[in-house]
Amino acid sequence: MEKLRILFLGTPDFALFSLRALSEAGYEIVGVVTQPDKPKGRGYELLPPPVKVFALEKGLSVYQPNTLRDEAFAELLSGIDPNLIVVVAYGKILPENVLDYPKFGCINVHGSLLPEYRGAAPMQRAIIDGKKMTGITTMKMEAGLDTGEMYEKAALAIGENDNFEVVHDALGELGAKLLLSTIQKLEAGQLKGTPQDDSKATYAKKIEKEDCRLDFSGSATKLHNLIRGLSPMPLAVTTLPDGKLLKVVESRVSDLTLSGAPGTILSTDGGKITVACGCGAIDLLTLIPEGKKKMSAKDLINGRRVSVGDRLGDSCG
RNA sequence: CGCGGGGUAGAGCAGUCUGGUAGCUCGUCGGGCUCAUAACCCGGAGGUCAUGUGGUUCAAAUCCCAUCCCCGCAA
């Protein structure tokens, strides 16, 4: 079979696992397409996406088009002339002329067991929903959102205290492995697609700001799932009694049996801030107060910012 | 020049407005109590208050100026 000429499309750290694997496996990467540098952080500093940084280190050709839907990109594509496109968390929808271009099609690495959690934030949503299992699916890309035929799957167990970072990294690695496996099957002419059962499809919507608010009237387990699903980015948020924001990095479902109005701090013993929820209570372990660095609950208590009886989340509006 | 908070003992903070003895909660060290303890009691050590040996003042953590660093928001 003819040698693969791979064009890689991807942007964040999650994509990096796969790009690195392709690179280390010795595949010919004829180009890397990633999102343009964007003004980020304080002072709007222009920062390159992680994939770009890696690609430049490896001496790969990097392209950062604003859109894939114009003449310029079509010309670029035929200039590069890839016979396989690999897409991992690129961040833009691919138009049909791009999907149709490579002889061996477009392979996507998706962070869920399709058809569940199609869409932008599959890993976060799976954790937030309290799933015990998730995984990676490699699939053939088509026009619909994550609707194409599935090639291979690999499952991953989610521990009750695993956060987004843990799952993200584990799935990133798993995704890279599965991608190599899928490409090997392709090279061997053994790649077979399985259609998705659309009736079982669910969607993982992008995480919005409102999704990050902690509502203490919910159950402790639900709150814990939200906190770890959003940790370390963008983080679940509530408010201190003085109205300042308080982000929660790490939590545990509490075994404390005290109860009180949702949001009330029941205890600050043992370096944990135990907060009453609608059902049960939750221990807040690591936090970031507005304008401050990440700190342990113990530090927050020692600094006298919170004490038993205080209410969190009252100014959530 | 996007908006804002902050840099005081190993940690988290107060003190700054209204200049005048360096304080709190922890940690740490020593002693005590206890069958025992992460609990309790007593005592100690530890700080050029980010930097400029800058300006004002009899006197600056505090007021003024400049610089460096950290962080939250927003994108």
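Modeller: In this predicted model, the side chain of Arg42 places an N or O atom 3.2 Å from a phosphate oxygen of RNA strand B. Two further contacts involve the protein backbone. At Gly303, a backbone N or O atom lies 3.1 Å from a sugar or linking oxygen of RNA strand B. At Pro39, a polar backbone atom is 3.5 Å from a base nitrogen of RNA strand B. Two elements, strand 3 (38-40) and helix 8 (297-302), each give two or more residues to the surface near RNA strand B. Helix 8 provides the largest share of that surface, with three residues.

Taken as a whole, the surroundings of RNA strand B comprise 20 residues, and the closest are Lys247, Lys292, Lys293, Asp299 and Arg304. Of the atoms of RNA strand B that come within 4 Å of the protein, 57% belong to sugar and phosphate. The class composition of this surface is 11 charged, five polar and four nonpolar residues.

The largest pocket has a volume of about 1900 Å³. Its lining consists of 46 residues, and those closest to the centre are Pro12, Ala89, Tyr90, Gly91 and Ala120. Two or more lining residues come from each of helix 1 (13-24), strand 3, strand 7 (106-110), helix 5 (122-128) and helix 6 (164-187). Helix 6 makes the largest contribution to the lining of the largest pocket, four residues. By class, the lining of the largest pocket holds 27 nonpolar, 10 polar and nine charged residues. Domain 1 (5-204) and domain 2 (210-302) each supply at least three residues to the lining of the largest pocket.

The second largest pocket holds about 230 Å³ of space. It is lined by 13 residues, of which Glu160, Thr221, His224, Asn225 and Arg228 are the closest to its centre. Helix 7 (220-229) and strand 13 (245-253) each contribute at least two residues to this lining, and helix 7 gives the most, with four. The lining of the second largest pocket divides into six polar, five charged and two nonpolar residues. Here too, at least three residues come from each of domain 1 and domain 2.

Leu191 lies in the loop between helix 6 and strand 11 (203-204). Leu191 counts as partly exposed because its relative accessible area is 22%, whereas a buried residue would have under 20%. Between Leu191 and Lys140 there are 10 Å in space, C-alpha to C-alpha, although the two are 51 residues apart in sequence.

The secondary structure of chain A amounts to eight helices and 17 strands. Along the principal axes, the C-alpha atoms of chain A fill a box of roughly 70 × 45 × 30 Å. Chain A has 317 residues, of which 48% count as buried.

Methods:
Residues are numbered from 1 along each chain as its sequence is written. Chains are lettered from A and ligands numbered from 1 in the order in which they are written. This is a predicted model: local features need pLDDT of at least 70, side-chain atom pairs count only at pLDDT 80 or more; totals for chains, interfaces and linings use all residues. Side-chain values use heavy atoms; hydrogens and water are left out. A residue is near a molecule or strand if one of its heavy atoms lies within 4 Å of it. A polar contact is a pair of N or O atoms within 3.5 Å; within protein, one must be able to donate a hydrogen and the other to accept it, and residues adjacent in sequence count only if both atoms are side-chain atoms. Ala, Val, Leu, Ile, Met, Phe, Trp, Tyr, Cys and Pro count as nonpolar, Asp, Glu, Lys and Arg as charged, and the others, Gly among them, as polar. On a 1 Å grid over the protein atoms alone, a cavity is a set of points where a 1.4 Å probe fits but cannot get out, and a pocket is an open set with protein on both sides within 12 Å along at least five of seven lines; lining residues have an atom within 4 Å of a point. Grid points are joined across faces, edges and corners, and a volume is the space filled by probe spheres set on the points. Domain bounds come from an automatic or database domain assignment. Buried means under 20% relative accessible area, exposed over 50%, partly exposed in between (1.4 Å probe, protein chains only).
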